[in-house]
Amino acid sequence: MRISVAFLSLFLILDSLFLTSCHRASYDDTPEPVRYEFGLPIDSFRIDTGYVKSGETLGGILGRLGADRKQLAQIAVLPRSEFDVRSLRPGKEYYGLHQTDSAGVEHLMYWIYIASVRETTVLHLTDSIHAEHHKKPLRYEAKSACVGIESSLWNAMVGNNLPVDLALELSEIYAWTIDFFGLQKGDSIRVYYDEIYVDTLRTGIGQIYAANFYHARKWQEAFYFEAGELHTYFDGDGKSLRKSFLKAPLNYKRISSHFSYARKHPVFKIVRPHTGVDYAAPTGTPVVSIGDGVVIEKGYKGQAGNMVKIKHNSTYTTAYLHLSKYGKGIAVGSHVMQGQVIGYVGATGAATGPHLDFRVWKNGTPVDPLKLESPPADPVPAKYRAEFDSVVNVMRTKL
């Protein structure tokens, strides 16, 4: 009998606990947290999604979503400082947010325009119509990569799921020291840099802090250093990677004719000097100045076609022939910067097809552009040398 009473008591206790726990699990009335997006309680609306079509107006979009006459009239006079309707771009996504009032009538309350992964505009369509702009913060994440090259730097980045912007930036950093059209299988690159994210989406790259490029059986280091007036790249010995001249004035497909004093002209079929290098490239390919300088000639020059001639210093002068058109602001006497577009590839003058005839003079004498010795820019100043060496030591471990 004692055993039965004890067993019954234990059963009642366990049963009570079980019922209590079931009651708590089944009847938990804790409210679900409100989900906010774009500063709005997004779950409290019915949402229409669409994409801007070519030629669509803001009024047309809002009218289709159910905006009333009063809303459309106010939108028509919305100041551009609030929202510039000219900024609408075909293919961009938008949301229409609706709510139903106590009488069961649905109203368009907000319109959200997704300008980019980072920027959105919310049009408030209640009471006083106005626009609210949201910009998500950027997140920077340090990354390192080591990539072997089979054909091109671009393909190497794509094949290793790395940002293609990385290839573009590296080609800028090494523009003075590496011929990117001469890369070969077996070349490689190590790089330490920042990737930029919005939420979890990679949107690009930030600063490249260090790189080491293996090409032509040697390594070429590059370290970003910023101090005082400096903000550029140097090798491990503190020598600037920036030379006085770029390796080439354009991205070309191939060299169609080399520097020669005895070349058979493709148009006139006679042997005569060709003191330049012809780069075959599509019409419209941008042509840049290989160095800082002053434009001393610009115009149509007979067989040379449209030409720009630039004096860089007391020693060097360059010319760019057969251009289809000139770069913005290019005029005789204008100053140009290294890398500035001075024209576009064409076939003007005596030319069988689109190409750039590029010429260089040293002290008034033609020289082969492919053999041009470009003196380096200034090295790291002595006052920053200890700081620079410290940066190099840290970055080498990152690579």
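Reader: Which residue follows α2, and what is its phi like?
Author: Glycine 66 comes after α2, and its phi is positive, near 110°. Before we go on, this is a predicted model, where local features need pLDDT of at least 70, side-chain atom pairs count only at pLDDT 80 or more, and totals for chains, interfaces and linings use all residues. Residues are numbered from 1 along each chain as its sequence is written, and side-chain values use heavy atoms, with hydrogens and water left out.

Reader: Fine. How are the helices and strands named?
Author: They are DSSP runs numbered from the N terminus: helices are H or I with at least four residues, strands are E with at least two.

Reader: And which residues of α2 are buried?
Author: Leu58, Ile61, Leu62 and Leu65. Buried means under 20% relative accessible area, exposed means over 50%, and partly exposed is in between, using a 1.4 Å probe and protein chains only.

Reader: Why do they end up on the same side of α2?
Author: Because they cover an arc of only 90° around the axis. The arc is that of the directions from the helix axis to the C-beta atoms.

Reader: What covers them?
Author: The cover includes β3, α3 (69-76), β4, β5 and β6. Helix α2, residues 58-65, lies across β3, β4 (93-100), β5 (106-114) and β6, at about 140° to β5. For angles like that, axes are lines fitted to C-alpha atoms, for helices over the stretch in contact, and the angle runs from 0 to 180 degrees between N-to-C directions.

Reader: What's the strand order in the sheet with β3?
Author: The order is β3-β4-β5-β6-β7, an open sheet of five strands with antiparallel pairing. Two strands pair if DSSP finds at least two bridges between them. β3 (46-51) and β7 (130-135) are at the edges with a single partner strand each, so one side of each has no neighbour in the sheet. On average, neighbouring strands here are turned by 20° against each other, direction ignored.

Reader: How many bridges join β6 to β7?
Author: Six, with β6 covering residues 119-124 and the two running antiparallel. Valine 122 has glutamate 132 in β7 as its bridge partner.

Reader: Changing topic: is glutamate 56 buried or exposed?
Author: Glutamate 56 counts as buried because its relative accessibility is 19%. The residue lies in the loop between β3 and α2.

Reader: What does its side chain reach?
Author: The side chain of glutamate 56 reaches the backbone nitrogen of lysine 53 at 2.8 Å. Glutamate 56 also touches Tyr51, Ile61, Arg64 and Leu88, leaving out residues up to four places away in sequence. Contact here means heavy atoms within 4.5 Å.

Reader: OK, which residues have the most contacts inside the largest nonpolar core?
Author: Leu153, Leu170, Tyr174, Ile189, Ile208 and Phe213, in a core of 26 residues. Elements that each supply at least two of its residues include β8 (139-148), α4 (153-159), α5 (164-173) and β9 (188-198). A nonpolar core is a set of buried Ala, Val, Leu, Ile, Met, Phe, Trp, Tyr and Cys residues joined through side-chain atoms within 4.5 Å.

Reader: Which residues are buried in α5?
Author: Leu166, Ala167, Leu170 and Ile173. They sit on the same side of α5 because their arc around the axis is only 125°. They pack against α4, β9, β10, β11 and β12 (230-234).

Reader: And what order do β8 to β12 take in their sheet?
Author: The order is β8-β9-β10-β11-β12, an open sheet of five strands with antiparallel pairing. The twist averages 25° from one strand to the next. Helix α6, residues 385-398, lies across these five strands, at about 125° to β11.

Reader: What's the phi of asparagine 161?
Author: Positive, about 55°, although asparagine 161 is not a glycine. Asparagine 161 is in the loop between α4 and α5, and counts as exposed at 57% relative accessibility.

Reader: Last one: which residues of β16 are buried on each side?
Author: Val277 and Tyr279 are buried on one side, Asp278 and Ala280 on the other. Val277 and Tyr279 also belong to a second, separate core of 24 residues.

Note on methods: Polar contact = N/O pair within 3.5 Å; in protein donor to acceptor, adjacent residues only side chain to side chain.
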